[in-house]
Amino acid sequence: MHNQAHRERILILDFGAQYTQLIARRVRECGVYSEILPFDVNESAIRECAPSGVILSGGPETTTSGLTPRVPKAIFDLSVPILGICYGMQSLAQQLGGTVESSDHQEFGHADIQAASGISNSFLGTAFASSSDPGTLDVWMSHGDRVTRLPDGFECVASSVNAPIAAMQDRERKIFAVQFHPEVTHTTGGTEIIRQFVREECGSQGDWTPENIIEEAIHNIREQVGGDKVILGLSGGVDSSVVAALLSRAIGDQLTCVFVDNGLLRKNEREEVERAFSKHGDNSLNLNLVTVAAEEVFLSRLAGLDEPEAKRKVIGETFIEVFEQQANSIKGVAWLAQGTIYPDVIESAASKYGKAHVIKSHHNVGGLPERMRLKLVEPLRELFKDEVRKVGLALGLPASLINRHPFPGPGLAVRILGVVEKRSTDVLRRADAIFMEELRKADYYNKVDQAFAVYLPVKSVGVVGDARRYEPVIALRAVETTDYMTASWAHLPYNLIAVVSNRIINEISGISRVVYDVSNKPPATIEWE
Ligand code: XMP
């Protein structure tokens, strides 16, 4: 069966919570496909989705005022289990005949909830039983309003000091609700609660597995592109690599991958991509891989530019030009493959509904599809990043490639402050490679989420022999983050930083000072430009 992965789905109705994507990821971790739709979506889209259960997200509004979001009638008409979270619980209570009140006392952070006594079949039963203190759960609260009277048919299944009705259920209609946030890792038993809902209450089997996802993607790609040729810009990053592997499984030689060496890549990057993908590489995927050596054209276009956004713009435009030239030399290409993933899709949907808070400015290949008049094939559109990684591993891509730190499209150009020159790219590449090598050796590469070296073209004094020299500085940056929107600087061991610093100063002539960046995001960004 080619659509096994999507056989069952959970619909997540988004009331604008910051945690909605987390809910979707938790559901999928339980092996069930989930889809996010905005609360004001067309009712026919709800029916079309035909979910086996619905989760109502939290949100910033209050149900105590008249004009705020409500659960659409179509959701109740589905007659499938419903789980309301925070605002989702309040809107259920309010719409089904209970009472919600604003409280002066906002509750934000950890809280203990206690299981109500005498409930025979609580949907929180497994979570309470698995707690180190059975009958109590340490949960994450974030609310001002609270439910003060249950709707008919409901019973209270848990209480906290500030929320006497912290969870409620109507067993008969299979409607469940929690005031707290089971989707965040701070809630103990959160995974059990979501698992109980999607697997037990909704009766889902767990078909959302990498193997089923791959099988379905292959079927869909074949249906979509037929016998046409497809072109893909392979960057060596996780997303484009997984797209390459999937497409090659699906359509083999109909796919051509183009890898542009813009001279702004990390050390050995080109060789690694060729080894993993080209027809000549050992253990490779045997793809039609065209490498374009374009260092000169990129560096000459960048000459003299010192503004970060101007550099980004030139790199983006040059990429499109080089890529387009290559694509035009391959006859009969009808499709462009892209590594768009689910958070990108949600983000553009949210902006369509006017709800996006942040819109990324860095789209590496923006403008390419319109200009090339190619149809788009985007086989990762429904996947979160962690799922892309799992699919990549299941397709046989090397773990070193899958677990690689992200690397920005404009590459080293945004890590060399100001003007980019061949000499500075070479120095930075070597410094960065030393940092990565030592991180791996000390087993810290996978403990941080992104790490790199930065080239600072300042004149810092160094004494070499008896002579004073004025030389640029290398800064080291390593961060821990889950979403790259906020990040903390990584507390690397001093002796690791010392080894990296010594090696850079000794091995790279022209560098006599290394510094470590101890800034969090915000306000500092992860990259220096
Ligand atoms: P910032 O510097 O905004 O970075 O804190 C957040 C994440 O985005 C990456 N980044 C980029 N990626 N093109 C990209 O493809 C860009 O222009 C760009 N700028 C930043 C950065 O590496 C980090 O992972």
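Q: Where does Asn268 lie?
A: Asn268 is in the loop between strand S11 (255-261) and helix H9 (269-277). This is a predicted model.

Q: What about the phi of Asn268?
A: Phi is near 65 degrees there, a positive value in a residue other than glycine. Most residues other than glycine have a negative phi.

Q: And how accessible is Asn268?
A: Asn268 has 41% relative accessibility, so it counts as partly exposed.

Q: What is the phi of Asn286?
A: Asn286 is not a glycine, yet its phi is positive, about 60 degrees. Asn286 sits in the loop between H9 and strand S12 (288-293). Its relative accessible area is 43%, so Asn286 is partly exposed.

Q: OK, confidence. What is the mean pLDDT?
A: The mean is 92 for the protein, and 95% of its residues reach 70 or more.

Q: Where is the pLDDT below 50?
A: Over residues 351-365. That stretch still has 21 contacts in the model beyond near neighbours in sequence.

Q: Switching to the core. How many residues are in the largest nonpolar one?
A: The largest nonpolar core has 49 residues. Those with the most contacts inside it are Ile231, Phe435, Ile474, Leu476, Leu492 and Ile504.

Q: Which helix gives the most to this core?
A: Helix H16 (residues 422-441), with 7 residues.

Q: What does Ile504 touch?
A: Leaving out residues up to four places away in sequence, Ile504 touches Ala431, Ile434, Ile474, Leu476, Ile511 and Val514.

Q: What is in the second core?
A: That core is separate and has 42 residues, including Ile213, Val230, Leu246 and Val377.

Q: How many cavities of 30 Å³ or more turn up?
A: The search of the whole structure finds 1. About 30 Å³ of space lies in the largest cavity.

Q: Which residues line the largest cavity?
A: Arg266, His405, Pro406, Phe407, Arg415, Asp432, Gln450, Ala451 and Phe452. They divide into 4 nonpolar, 2 polar and 3 charged. Strand S15 (residues 450-464) gives the largest share of the lining, 3 residues.

Q: Is Asp207 buried or exposed?
A: Asp207 is buried, because its relative accessible area is 9%, and the cut-off for buried is under 20%. Asp207 is placed in the loop between helix H6 (190-201) and helix H7 (210-225).

Q: What is Asp207 in contact with?
A: Beyond neighbours within four places in sequence, Asp207 contacts Gln4, Ala5, Arg7, Glu8, Gly31 and Asn212.

Q: Last one. Which residues does a cis peptide bond join?
A: One joins Lys521 and Pro522, with omega about -10 degrees. Another joins Pro522 and Pro523, with omega about 5 degrees. Pro522 is in the segment after strand S18 (514-516). Most peptide bonds are trans.

Note on methods: Residues numbered from 1 in each chain as written. Predicted model: local features only at pLDDT ≥ 70, side-chain atom pairs only at ≥ 80, totals over all residues. Heavy atoms only, no water. Core = buried A, V, L, I, M, F, W, Y, C linked by side-chain atoms within 4.5 Å. Buried < 20%, exposed > 50% of the residue type's maximum accessible area, 1.4 Å probe, protein only. Helix = DSSP H or I, 4+ residues; strand = E, 2+ residues; numbered from the N terminus. Contact = heavy atoms within 4.5 Å. 1 Å grid on protein atoms, 1.4 Å probe; cavity = no way out; pocket = protein on both sides within 12 Å on 5 of 7 lines; lining within 4 Å. Points joined across faces, edges and corners; volume = space filled by probe spheres on them. Nonpolar A, V, L, I, M, F, W, Y, C, P; charged D, E, K, R; others polar. pLDDT = per-residue confidence, 0-100.
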